[in-house]
Amino acid sequence: MAPLPVTRETFVPPVWTARPSAKGKRFNKRAFFLRRPHLALVLTLGMLVLSGSVFFGIRQAAEREHNIRKNGESGYQSLVSAAEYVRTENFDGALADFNDAYQAFSRGVDDLSVWEGFLIDLTRFIPGLSQAASGKYALLAGKHFAAAGIPLASVALELTISKEAYAQGTKISLLDFLTRIKMPLLQAAAELKSGNQALEKVATLDIPEEKRATFLLMRQTLPTLLGLIEKFERSETLLEELLGGNGPRKYLFLLQNNQELRATGGFIGTYALLDMNDGVARRFFVDGIFNPDGQLKENIVPPQPIQKIS
């Protein structure tokens with residue numbers, strides 16, 4: 001069947017119905033969430049988790065700051081105690097306190113490392129906020145100083161044991177002793193250098209007033225101690241030669257009395273002889289100068305200019 005032809009009389013235009021405009025229509029939040037219950041639950045849980053995270057983060061930061069202060073103070077007290085033990089030559093006690101100080105400072109540094117290091121470093125250059133950076137570098141310096149104190153206390157203990165053995169008549173090889181203390185001294189020097197670098201980044205005004213004098217004294221004396229260790233390292237070959245590491249050596253010491261002036265600084269009234277071989281003192285002899293002078297069998301004529309006064 002052929003389709004009917006479309007003419008002006010038979011064409012029926014389509015009817016377009018407009019959608020109601022949303023303009024002016026009020027948003028019903030209650031109806032919105034009722035239609036989307038899962039979205040409401042997710043948003044509610046999200047807000048609870050966010051609030052809990054913020055609260056937990058603030059509380060955790062406060063606890064971490066308390067632990068950092070506590071460990072820093074504990075490490076400082078252990079260092080002071082170790083120094084007192086060194087002064088009284090109780091090196092076993094000093095070794096234990098240096099270990100305690102190292103552990104305390106390490107815990108403080110670990111707690112501090114949770115925060116971004118570079119952010120704390122930036123506070124060094126912000127007036128009023130430099131205490132955070134000073135605290136960080138003070139902890140690092142304390143950790144390195146405690147780490148240096150452990151091998152130094154071991155060296156001092158080794159020296160004490162050697163002195164006691166020598167006093168009881170045991171032959172002590174200084175070359176063996178220097179070999180044993182070489183590595184501990186190098187370890188101590190490396191730790192002291194790192195500690196000195198950290199100490200230079202601590203602002204003096206950020207140090208508590210009651211500890212400021214100790215801080216300044218440490219900053220002044222540390223380069224001297226480092227210089228002594230470096231000199232020992234550079235003089236190792238010379239010490240080996242002087243102590244008879246390359247064969248027997250004999251040394252003559254002339255002891256002058258500066259109360260009786262002579263051209264060399266004083267009258268030579270005493271002399272000493274020292275024989276060294278492989279780091280061991282084989283003989284150390286001290287005598288008055290007149291004893292060997294009286295043993296001369298020949299009459300030795302002095303030079304003409306001093307014949308009248310000799």
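The following exercises, with worked solutions, concern a predicted model.

Residues are numbered from 1 along each chain as its sequence is written. Local features need pLDDT of at least 70, side-chain atom pairs count only at pLDDT 80 or more, and totals for chains, interfaces and linings use all residues, while side-chain values use heavy atoms, with hydrogens and water left out.

**Exercise 1.** Determine whether the end-to-end distance of helix α6 agrees with its number of residues.

*Solution.* Helices are DSSP runs (H or I, at least four residues), and strands likewise (E, at least two), numbered from the N terminus. Helix α6 covers residues 174-199, which is 26 residues.

**Exercise 2.** Describe the aromatic pair formed by Tyr271 and Phe285.

*Solution.* Rings of Phe, Tyr and Trp (its six-membered ring) pair if their centres lie within 6.5 Å; planes under 30 degrees apart count as stacked, over 60 as edge-to-face and the rest as tilted. Two aromatic pairs are found in the whole structure. In the one made by Tyr271 and Phe285, the centres are 6.3 Å apart and the planes stand at 65°, so the pair is edge-to-face. Tyr271 belongs to strand β2 (residues 267-277) and Phe285 to strand β3, 14 residues apart.

**Exercise 3.** Classify Tyr271, Phe285 and Leu255 as buried, partly exposed or exposed.

*Solution.* Buried means under 20% relative accessible area, exposed over 50%, and partly exposed in between (1.4 Å probe, protein chains only). Tyr271, at 11%, is buried. Phe285, at 33%, is partly exposed. Leu255, in strand β1, is partly exposed at 41%.

Conventions:
The expected span of a helix is 1.5 Å times one less than its number of residues.
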